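Here are my notes on this model, as numbered points. Please read them with the structure open.

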Amino acid sequence: MDLKNNSITVQELLANPKSKAVFQRRFGKLMRHPLVGAAQSLTLAQLAEMAVVYLPKKTIDETMEELRRL
């Protein structure tokens, strides 16, 4: 998948059934958190920067790699 040099938005990723499935599988319950809706305008790079506070960097890197392979 073209992540547009990580400038693809969360909204674009969640609109794509394949990338949405990656997020659902990896982050399950977190996908129902109210901040997911508020994060729609963030880029993937911005989301990754924020996620480091909550998730191991390895998990973030693996998720981004999986998205690239779609």
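1. **Thr-59.** This is a predicted model, and every value below is computed from it. Start with Thr-59. Beyond its close sequence neighbours (up to four places away), Thr-59 touches Arg-26 and Phe-27. Thr-59 sits in helix 5. The C-alpha atoms of Thr-59 and Arg-26 are 8.7 Å apart, although 33 residues separate the two along the chain. Thr-59 counts as partly exposed, because its relative accessibility is 22% and the buried class ends under 20%.

2. **Helix 2, buried side.** Which residues of helix 2 are buried? They are Ser-19, Val-22, Phe-23 and Phe-27. Viewed down the axis of helix 2, these buried residues fall within an arc of 95 degrees, so they line one face of the helix. The cover over them includes helix 1, helix 4 and helix 5.

3. **Helix 2, other side.** Pro-17, Lys-18 and Arg-25 are exposed on the other side of helix 2.

4. **Ser-19.** This serine of helix 2 deserves a look. Ser-19 is buried, with a relative accessibility of 0%. Leaving out residues up to four places away in sequence, Ser-19 touches Met-1, Leu-13, Leu-67 and Leu-70.

5. **Phe-23.** Phe-23 is also on the list of buried residues in helix 2. Setting aside neighbours within four places in sequence, the contacts of Phe-23 are Leu-13, Leu-14, Gly-28, Met-31, Leu-47, Thr-63 and Leu-67.

6. **Nonpolar core.** The largest nonpolar core holds 18 residues. Leu-3, Leu-13, Leu-14, Phe-23, Leu-44 and Leu-67 have the most contacts inside it. Helix 1, helix 2, helix 4 and helix 5 each give two or more residues to this core.

7. **Leu-3.** Leu-3 lies in the segment before helix 1. With 5% relative accessibility, Leu-3 is buried. Beyond neighbours within four places in sequence, Leu-3 is in contact with Ile-8, Leu-13, Leu-44, Met-64, Leu-67 and Arg-68. Take Leu-44 from that list. Leu-3 and Leu-44 are 41 residues apart along the chain, and their C-alpha atoms are separated by 7.9 Å.

8. **Helix 4.** Leu-44, Ala-48 and Ala-51 are the buried residues of helix 4, which spans residues 44-51. Where do they sit around the axis of helix 4? They cover an arc of only 65 degrees, which puts them on the same side of the helix. Helix 1 (10-15) and helix 5 (57-69) are included in what covers them.

9. **Largest pocket.** The volume of the largest pocket is about 660 Å³. It is lined by 23 residues, and the closest to its centre are Val-36, Leu-47, Ala-51, Tyr-54 and Leu-55. Helix 1, helix 2 (17-27), helix 3 (34-38), helix 4 and helix 5 each give two or more residues to the lining. Which of the elements gives the most to the lining of the largest pocket? Helix 4 does, with 5 residues.

10. By class, the lining of the largest pocket has 21 nonpolar and 2 polar residues. No charged residues are found in that lining.

11. **Ser-41.** Ser-41 is in the loop between helix 3 and helix 4. Is Ser-41 buried or exposed? Ser-41 is exposed, because its relative accessible area is 61% and the exposed class begins over 50%. Not counting residues up to four places away in sequence, Ser-41 touches Thr-9 and Gln-46. Ser-41 and Ile-8 are 33 residues apart in sequence, and their C-alpha atoms are 9.4 Å apart in space.

12. **Backbone check.** Most residues other than glycine have a negative phi. Lys-4 has a positive phi, near 50 degrees. Asn-6 has a positive phi too, near 65 degrees. Lys-4 is partly exposed, with a relative accessible area of 39%.

Key. Residues numbered from 1 in each chain as written. Predicted model: local features only at pLDDT ≥ 70, side-chain atom pairs only at ≥ 80, totals over all residues. Heavy atoms only, no water. Buried < 20%, exposed > 50% of the residue type's maximum accessible area, 1.4 Å probe, protein only. Helix = DSSP H or I, 4+ residues; strand = E, 2+ residues; numbered from the N terminus. Arc of directions from axis to C-beta. Contact = heavy atoms within 4.5 Å. 1 Å grid on protein atoms, 1.4 Å probe; cavity = no way out; pocket = protein on both sides within 12 Å on 5 of 7 lines; lining within 4 Å. Points joined across faces, edges and corners; volume = space filled by probe spheres on them. Nonpolar A, V, L, I, M, F, W, Y, C, P; charged D, E, K, R; others polar. Core = buried A, V, L, I, M, F, W, Y, C linked by side-chain atoms within 4.5 Å.
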